[in-house]
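Q: Please take a close look at one part of this structure: a strand and its pairing partners. Then follow that chain to its contact with the other one.

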Amino acid sequence: MDKVRRVISVIVANEAQVLARVSGLFAGRGYNIDSLTVAPIPDSDLSHMTIVTKGNKRVIEQIVKQLHKLIPTFKVIEHDEMVEKEMVLIKFPIEKPISDIQALCQAYNGAIVNVGTDMFIAMVADESVRVEHFIEATKRYQPIEVVRSGVVAMER
Amino acid sequence: MKMSGAQMVCEAIIAEGVKTVFGYPGGAIMNVYDEIYKQNGFEHILTRHEQAAVHSADGYARATGEVGVAMVTSGPGFTNAITGLATAYTDSIPLVVISGQVPLSLIGTDGFQEVDAVGISRPCTKHNYLVRSIEDLAKILKEAFYIARSGRPGPVLVDIPKDITGELGEFDYPKNVDLPTYKPRYGGNDRQIKKASEAILKAKKPLLYIGGGAVLSNAYEEIREFVSLTQIPAVETLMARGVMGADNPLLIGMLGMHGNYASNMAMSETDLIISLGARFDDRVTGKLSEFARYADIIHIDIDPANIGKIVDVDYPIVGDVKIVVQKIQALIKDKVNPDRYQVWRDILARYDELHPLSYKDSDEVLKPQWVIQRIGQLVGKDAIITSDVGQHQMWGAQFYPFDRPRQWINSGGLGTMGFGFPAAIGAKVGCPEKSVINITGDGSILMNVQELVTASEHNIPVINVILNNHFLGMVRQWQTFFYDKRYSETDLSYQPNWKMLAQACGGEGYDVTTKDEFDKALASAIEGKKVTFINVAVDRFENVLPMVPAGGALYNMLLEHKEQ
């Protein structure tokens, strides 16, 4: 069976150990984690986790079931109808052509978000594929550092 | 009411109706032991090793169906308990294990006897808690018992820092538990149940595949009724022995690596598997691509994660075996025609005639299978049989005439050597009116042999029948079959004096080499009311057969071993 990329949202109780339970499940059963983000859901005692993983159909099904089996798991959402976004921060030396890079950012709905004495930072938030393209496009400006946030997703 | 955390632990145990706790004290759990000293709501049995405490609680739970409780201290006390937790987890046994922890202020400082208990036990418990405040304690204890026994049962660890057991707080033990994130489903989806019922009526060669979940759900009466109504034949897994009852003409036997020929052929030729609380373990399926090639599958399991994990399922039903079997029966009872499956039953009967489960008895040397059959003849229904892990375990499962569920107690999933003796102690405490016999080997019994002292001190007269072949027998068998008889580290010829060992710890011992001696020793052991070793010298090179070699197809069984 072919491996597919999947974005899974997990709504969990916002309590101690819960991240360890989820990541331990993936490690213990040999599943991949491409990215994992987590933050509390406002005005609730729940957190929203977004996990990007790869696996064949049976593995994805098991991941969903095993996640659901964890006692603090409230809900697991896994389907195609997800809006997903990811953010990237890229740091450049101040000598690089800031206006060229700004133009590039604009093409990806991004911006220069910080300028210091010897560096500046660009930011883009978009789908993972677009973020990858942006990173690729900035390589010619020899970035000093690239930090990706991992994916967050929401059901459509 | 205000009380200390330690008192709360005792009060919760009493409120849950637990009569016996198995455990071992130490620094971090001392506050609780001080309260145990003061109370008389439950008995505490001091084992001589924390692993044994958990296995005893486990044996108690398996024999009675109640939640077993064990108590240990922090650090090494807790790590010793891990094998017990993992054993219970793999076989879905409801336990609550309470461990002491260093005080909250010391957590994370590598304090004396500090270990990350929740971190270590996370993959081998159904759930676990580190209590962080006295205010949470009562609620956590209630949840622990509820989670342990509901849904797919399993062990739950509650790790309590020492300062919390010493602190005073308000004790308000909840009556009910409502966890929005945990809602086990019992009833099964009615549409799937209907479809599955229709499939049963249409099938020509249906087969019940009964697993340990049928025992856990106390479904044996419903299953026997279902079988008697439909006349559909059944196979049992290692964990389900006793569900059908040995005398049931529709029981084909145990399937899997050491299953009988007819059971494995039944699985290979069936056109509809009706799986009741079984999980398609690799020891059952053999080579997956060759497993039940002609069958559609109805999979009834309380744990959705078991369904579709190993094999693709045509009729998934998430629910409790007992309830779902009742529902299916109600749907088909006026429509089912038992004659429809007659040809199928005839085929299986012929398979069984062709290669019945058998062994060659001998007058020169005791055969281990004979010993097990003999125990069955002499005590039969009156006994609970526990076992360790290895050849003796398989012979026990093959040859003992199990009459009811919870009569056969063994570590099927994890395969824990050293399980049988402490589990027998727990089973005897739970069912004092039964004779409890641990069928064990000369390898396994030495892991947890210290429990002789526990059993003697508390007058728990369990009988250990040591099928002694001076080998780590199952590994030796694989070495014979697959490793050119290179008996690497499996020769156990250097042995203790078993009789003196038992006597030294306050028990009784017998050395047995003949059938006559065995009968006398067993009678005397049952009479004697002491913990007993019956050291039975058996054929050194007897093999467990039939055997499906690991990774082989279920229908390719070694039926006998020919010496080259």
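A: Ser9(A) stands opposite Thr50(A) in S3(A). This is a predicted model, where local features need pLDDT of at least 70, side-chain atom pairs count only at pLDDT 80 or more, and totals for chains, interfaces and linings use all residues. Residues are numbered from 1 along each chain as its sequence is written, while chains are lettered from A and ligands numbered from 1 in the order in which they are written.

Strand S1 of chain A covers residues 4-13. Strand S3 of chain A covers residues 46-55. (Strands are DSSP runs of E, at least two residues; helices are runs of H or I, at least four; both are numbered from the N terminus.) S1(A) and S3(A) pair in the antiparallel sense, over 10 bridges. Two strands pair if DSSP finds at least two bridges between them. Strands of a sheet pair through backbone hydrogen bonds, either parallel or antiparallel.

S1(A) has another partner: strand S4 of chain A, residues 73-77. These two also run antiparallel, joined by 4 bridges. Here Ile11(A) stands opposite Lys75(A).

Now the contact between the chains. Chain A brings 16 residues and chain B brings 14. (Residues are in contact if their C-beta atoms, placed from the backbone, lie within 7 Å.) On the side of chain A that touches chain B, helix H1 (18-28), helix H2 (57-69) and S4 each supply at least two residues. H2(A) gives the most, with 6 residues. That side of chain A divides into 5 nonpolar, 6 polar and 5 charged residues. (Ala, Val, Leu, Ile, Met, Phe, Trp, Tyr, Cys and Pro count as nonpolar, Asp, Glu, Lys and Arg as charged, and the others, Gly among them, as polar.)

Notes. Two residues are in contact if their C-beta atoms, placed from the backbone, lie within 7 Å.
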